[in-house]
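Open the model in your viewer and keep the selection tool at hand. The tour below goes from one selection to the next.

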Amino acid sequence: MVDAVLFEFLHTEMVAELWAHDSDLDPGPGGQKTSLLVLEGMGFRVGQALGERLPREMLAFREELDVLKFLCKDLWGAVFQKQMDSLRTNHQGTYVLQDSSFPLLVRMGSGLQYLEEAPKFLAFTCGLLRGTLSTLGIKSLVTASVAALPACKFQVVIQRS
Amino acid sequence: MAVCVAVIAKENYPLYIRSVPTENELKFHYMVHTSLDVVDEKISAMGKALVDQRELYLGLLYPTEDYKVYGYVTNSKVKFVMVVDSSNTALRDNEIRSMFRKLHNSYTDVMCNPFYNPGDRIQSRAFDSMVTSMMIQVC
């Protein structure tokens, strides 16, 4: 239980720290983008390590959908102690993962207050998803959107070359 | 007791390769390289067969007159190849499996190390010492 709390605090501090420095470098949208990229990059590296560690005792994944189900159940369970609420797909490489009460946003409030601040707190998790997918052999692009706190949607688009 | 251990990345280049009799290393490198074909064959065969279980341990890849080569593939398509002395008949399947499990655990630790960039050669001393403990003691 304690690990979840520690991670939440650490994550909040990471976002706050990056935003504090960001106003020194480049006020305006440019600086903000760098901070978001940094957060996403951190999430990516953590995702790569988790992608190696979590499926260890599991049998090999048979197809893409199995990997996405692993993300929704096992990855979310390990990092946020709950499972993703819904997974939808258009069967053409786009998946939408919905979480109706995302643990990193739950503390901020419910409803439309703080809607503009929410994307900062999702960047790390987008990177996390992208990193885990990359270790498991899937190149993807992950974006997040919030309609009303604390529900959020992660959209995963598989890049096939 | 292994004679040669290799960790091959997803893109089929070696991340770590070490053999014990350090002269004639090239022969082992060549064996590992040819065994990659067998590994690929087994992986694609697994994908097509309608088997419910997909195991990570691939088993004996191919035997030569002096050596036997075993393989193991992880979910991230990183392959472990181990060359074992044929004369050592006391080595059972279970022991090979446990050696691969130890390798997988150490590799996961290397991956989680923030100073390691995925895709680089493995230079971790902890990993080295684990592999040394698995290899044959020659003189």
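How many cavities of 30 Å³ or more does the count come to? The count comes to two. A cavity here is a set of points on a 1 Å grid over the protein atoms alone where a 1.4 Å probe fits but cannot get out. Its volume is the space filled by probe spheres set on the points, which are joined across faces, edges and corners.

This is a predicted model, in which local features need pLDDT of at least 70 and side-chain atom pairs count only at pLDDT 80 or more, while totals for chains, interfaces and linings use all residues. Residues are numbered from 1 along each chain as its sequence is written, chains are lettered from A and ligands numbered from 1 in the order in which they are written, and side-chain values use heavy atoms, with hydrogens and water left out.

**Second largest cavity.** The space inside is about 40 Å³. Two of the lining residues are nonpolar, five polar and two charged; Ala, Val, Leu, Ile, Met, Phe, Trp, Tyr, Cys and Pro count as nonpolar, Asp, Glu, Lys and Arg as charged, and the others, Gly among them, as polar.

**The sheet of chain A.** Four of them form an open sheet in the order β1-β2-β4-β3, with antiparallel pairing; two strands pair if DSSP finds at least two bridges between them. β1 (86-89) and β3 (140-148) of chain A are at the edges with a single partner strand each, so one side of each has no neighbour in the sheet. Neighbouring strands are turned by 20 degrees against each other on average, direction ignored; the axes are lines fitted to C-alpha atoms.

Select β1(A) and β2(A), which are joined by four bridges. Here R88(A) stands opposite V96(A). In their hairpin, H91(A) takes a positive phi near 60 degrees.

Move to β2(A) and β4(A), joined by six bridges, where D99(A) has C152(A) as its bridge partner. Five of the six residues of β2(A) are buried (under 20% relative accessible area, 1.4 Å probe, protein chains only).

Finish the sheet with β3(A) and β4(A), paired over eight bridges. T143(A) is bridged to Q155(A) there.

Conventions. On a 1 Å grid over the protein atoms alone, a cavity is a set of points where a 1.4 Å probe fits but cannot get out, and a pocket is an open set with protein on both sides within 12 Å along at least five of seven lines; lining residues have an atom within 4 Å of a point. Helices (H or I, at least four residues) and strands (E, at least two) are DSSP runs, numbered from the N terminus. Axes are lines fitted to C-alpha atoms, for helices over the stretch in contact, and angles run from 0 to 180 degrees between N-to-C directions. Buried means under 20% relative accessible area, exposed over 50%, partly exposed in between (1.4 Å probe, protein chains only).
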